[in-house]
Amino acid sequence: MQVTRWTDTKKENIDDALLGLTTHDGDTLKGTRVQWTNLNTTKIVNENQEMQVDNRRILFNIVTYSYDQIIENDALSVEDRTSRRSGKIIVYYEDEQSVKYIINRNSDAQKVLRFLLGYSSKNEVVWDQPVLDTDMFDWLIKKIYSKENNIELENNEVNLSIDNLVGFKGHPADEGKIVSVVSTEGTTVMNILSTLSFLLESEEVKQIEFNTSYGNHENIKLLLAKRVLGSDMTKYEGVFDDEQNDASVKEAKVYLLCYLKILPGIIQSYELAKDGVDNDDVDGDSWSKDIHAKFLREVANDLQGKIDLRLKQIE
């Protein structure tokens, strides 16, 4: 599931937010070309759940929603113009902070949230999703490929590790080509070949998937794109499996951990890597255009070495 995060500037606590999300069933929203109707919402658990992230106490709950989307088109019957839309929202709140929503929508997320909450004014729900840098994706690929797996956190915290690359997407430099999509595992020839081919053919990386571990969370499959975050719950391994959580509660905990700890840790490490160049931190985890170019040359040399070895084997 791919999600975005939003902040509510009106609701003062989680109970107000949950009430707002679940008291507009049956509402209709009419647009110029599209109508949303037959809204139905359900709170997943009766009691709000609690989660500790470091010393932070997070209260959360989950709301599912569904509605009919009807397209205005006289050439089609109502049945052919109607589609049922559904999804879920993780609502969370931290003392003295704003209520936040994690929703499995992207381009229309704000409109969906305003519909569910019955909002009609601007700026009641605002964007709160980190906008990620393509250069950061290149840095992550380099760290994984070079086996620089550890992400240093402040105050010697629990270890955060990016363990292996699962896949990435990007726009090719030649716009006539199809967008590159590759999968890699380990350090095989295919890993080297696919990585090099992708990095050479892509003008910019748009999405990266990798496995990460954090403390007693042995594996979290994480997808990062410029404006979305995603995770595959079937790949999760860790302490949340031992807590006898409802599937939706476990999913919510994983996304909260990603937003509140893992993603901030990765972003901070990336910014420090760029800052390390300015401070002549030659022995540290530095990142610059020169280091980026050096990395590409290393991958190319690795590939050439594999090719030369294979040629010797068949000659």
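Author: Helices here are DSSP runs of H or I with at least four residues, and strands are E runs of at least two, both numbered from the N terminus. On that count the protein chain has seven helices and 14 strands. The model is predicted.

Start with the helix pair. Two packed helices are described by the angle between their axes and the distance between the axes. Take helix α4 (residues 134-145) and helix α7 (residues 289-314): their axes come within 11 Å and cross at roughly 45°. Angles under 35 degrees count as roughly parallel, and 65 to 115 as roughly perpendicular. α4 and α7 are therefore oblique to each other. The crossing of α4 past α7 is left-handed. On the α4 side, Asp-135, Asp-138, Ile-141, Lys-142 and Tyr-145 make the contact. On the α7 side, the partners are Ile-291, His-292, Phe-295, Val-299 and Asp-302.

Now the core. The largest nonpolar core has 52 residues, and Phe-210 and Leu-224 touch the most other members. Helix α6 (residues 247-278) gives the largest share of this core, 14 residues. Look at Phe-210 itself. Leaving out residues up to four places away in sequence, Phe-210 touches Leu-140, Ile-144, Ile-162, Asn-164, Leu-165, Val-166, Ile-220, Lys-221, Leu-222, Leu-224 and Ile-266. There is also a second, separate core. That one has 25 residues, including Tyr-65, Val-91, Ile-103 and Tyr-119.

Step back to the whole chain. Of its 315 residues, 45% count as buried. Among contacts with a separation of 6 or more, 64% join residues 24 or more positions apart.

Asn-123 sits in the loop between α3 (109-117) and β8 (125-127). Exposed means over 50% relative accessible area. Asn-123 has 59%, so Asn-123 is exposed. Lys-10 is 113 residues from Asn-123 in sequence, yet their C-alpha atoms are 9.0 Å apart.

Last, confidence. The mean pLDDT of the chain is 86, and 86% of residues reach 70 or more. Where pLDDT is low, the predicted coordinates should not be read in detail.

Definitions and conventions: Residues numbered from 1 in each chain as written. Predicted model: local features only at pLDDT ≥ 70, side-chain atom pairs only at ≥ 80, totals over all residues. Heavy atoms only, no water. Core = buried A, V, L, I, M, F, W, Y, C linked by side-chain atoms within 4.5 Å. Buried < 20%, exposed > 50% of the residue type's maximum accessible area, 1.4 Å probe, protein only. Contact = heavy atoms within 4.5 Å. pLDDT = per-residue confidence, 0-100. Axes fitted to C-alpha atoms, helices over the stretch in contact; angles between N-to-C directions. Parallel < 35°, antiparallel > 145°, perpendicular 65-115°, else oblique. Left-handed = near helix turned anticlockwise from the far one by under 90°.
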